[in-house]
Amino acid sequence: MASPSALSLDLSALQRRPVFTSDARVDSHDLVAREFSDHGLKWCSGAVDTALSKVRIRQLQMFMLQYGAEVEIRPRPFDDFVLVHLSLSGVAEMVSDGVPIRLPAGAAALIAPRRDLHMRWQQGARQLILKVPCQLLRAWAPESLQNDTRFVHPIVALSSVQGQQWHFLMQSLLHVSQQTVESAAHVRWVDHMESSVALFLASCAHGMPVPMQPTVPQIELPSSAAAAGDPRRLERLDDYMRSRLSAPVALEDLARAAGVSVRGLNMLCQRHHGESPMVLLRNRRLDAVRARLLEQPGHCVTDTALEFGFGHLGRFSSYYRERFGELPSQTAGA
């Protein structure tokens, strides 16, 4: 639920600490990825006006981020930190492991995806984001973690009361970030702020049901039995890859989709395709890029590469040329 207090936060500490501003799509993607995680980024309507500011309070990092334009973001799932988004302006829509949340101005949510995260920021959206390392959660609220690295729920919307408490915590952190005194009392105060954040997040997530993930038996079969079931597994694998050409995918996700172990997946792909599962996925994505460029001559190569999960454009160009014998710009200009 939105709360007007988010709009009255004193953000001067962040405004004095810009990381970058840019109207270039590639720079915006690369510089944001350095601070968070690799991600697919699709630019929609509106002019690019990216701005990122950052303050650090010991282990905590607070960011203020805007893209200007409407964007779709597909981050690679992260397991060494969680994020708390507070919407300062505009609307952000998020789906984490199938759980949807809409954040209008003033609303906040805790985000800890296990597999998939998809975000759509409307034009003009601006977010205050706190990056909380799981190491801090382990130290102060170990019961809030599952399997030592995962938060108990992929996304949790803060209630109106929780949101007001979070605004207070964020304002306190912003004030602490401006203090340079390193007295014993100040050190203890920063310790208190870190523990308050960890315990608050644990209290928000406590009692939320842990979503049940479908489990697939991963049994190593004799080679003859495995070969007999290969067509069905290959079909499931191919369907899964094609449905997630724009989304971050881990090797374990591919194995789960095919219904085999990671070792069995490698054997399956080598036996039928002569390449590893991740190379197979990369080639599927390269094929999708080429199809788009051929269907829409003159289409922006950078936008297409980012849309299909290629965050590093130099490597993308090398992979493309190796597979098709020409640069993507040559295909786009054909």
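## Confidence

The mean pLDDT of the chain is 83, and 86% of the residues score at least 70. Among the elements, strand β4 (residues 60–66) has the highest confidence, with a mean of 97. Confidence is lowest in strand β12 (residues 145–146), where the mean is 57.

Residues 1–6 have a pLDDT below 50, and this stretch has 18 contacts in the model beyond near neighbours in sequence. Residues 207–228 also stay under 50, and the model gives them 26 contacts beyond four places in sequence. Where pLDDT is low, the predicted coordinates should not be read in detail.

## Contact of α8 with α9

Helix α8 (residues 262–273) packs against helix α9 (residues 277–295) with the axes 9 Å apart and an angle of about 60°. That angle makes α8 oblique to α9.

On the α8 side the contact is formed by L265, N266, C269 and H273, which meet P277, L280 and R284 of α9. By residue class, the contact of α8 with α9 has four nonpolar, two polar and one charged.

## Contact of α9 with α11

Helix α9 also packs against helix α11 (residues 313–324): the two axes come within 10 Å and cross at roughly 85°. The pair α9 and α11 is therefore roughly perpendicular.

From α9, the contact takes in R282, N283, L286, D287, V289, R290 and L293. From α11 come F316, Y319, Y320, R323 and F324. The residues of this contact of α9 with α11 divide into seven nonpolar, one polar and four charged.

## Aromatic pairs and cluster

The count of aromatic pairs comes to eight. In one of them, W43 and Y67, the ring centres are 5.7 Å apart and the planes are at 80°, so the pair is edge-to-face. This pair links distant parts of the chain, 24 residues apart: W43 belongs to strand β2 (residues 39–43), and Y67 lies in the loop between β4 and β5 (71–75). Both W43 and Y67 are buried.

The rings of F78 and F81 have centres 4.4 Å apart and planes at 10°, so this pair is stacked. F78 and F81 are both buried.

One aromatic cluster is formed by F310, F316, Y320 and F324. Among its members, F316, Y320 and F324 also take part in the contact of α11 with α9.

Notes: Residues are numbered from 1 along each chain as its sequence is written. This is a predicted model: local features need pLDDT of at least 70, side-chain atom pairs count only at pLDDT 80 or more; totals for chains, interfaces and linings use all residues. Side-chain values use heavy atoms; hydrogens and water are left out. pLDDT is the predictor's confidence in each residue, from 0 to 100. Helices (H or I, at least four residues) and strands (E, at least two) are DSSP runs, numbered from the N terminus. Contact means heavy atoms within 4.5 Å. Axes are lines fitted to C-alpha atoms, for helices over the stretch in contact, and angles run from 0 to 180 degrees between N-to-C directions. Angles under 35 degrees count as roughly parallel, over 145 as roughly antiparallel, 65 to 115 as roughly perpendicular and the rest as oblique. Ala, Val, Leu, Ile, Met, Phe, Trp, Tyr, Cys and Pro count as nonpolar, Asp, Glu, Lys and Arg as charged, and the others, Gly among them, as polar. Rings of Phe, Tyr and Trp (its six-membered ring) pair if their centres lie within 6.5 Å; planes under 30 degrees apart count as stacked, over 60 as edge-to-face and the rest as tilted. Buried means under 20% relative accessible area, exposed over 50%, partly exposed in between (1.4 Å probe, protein chains only).
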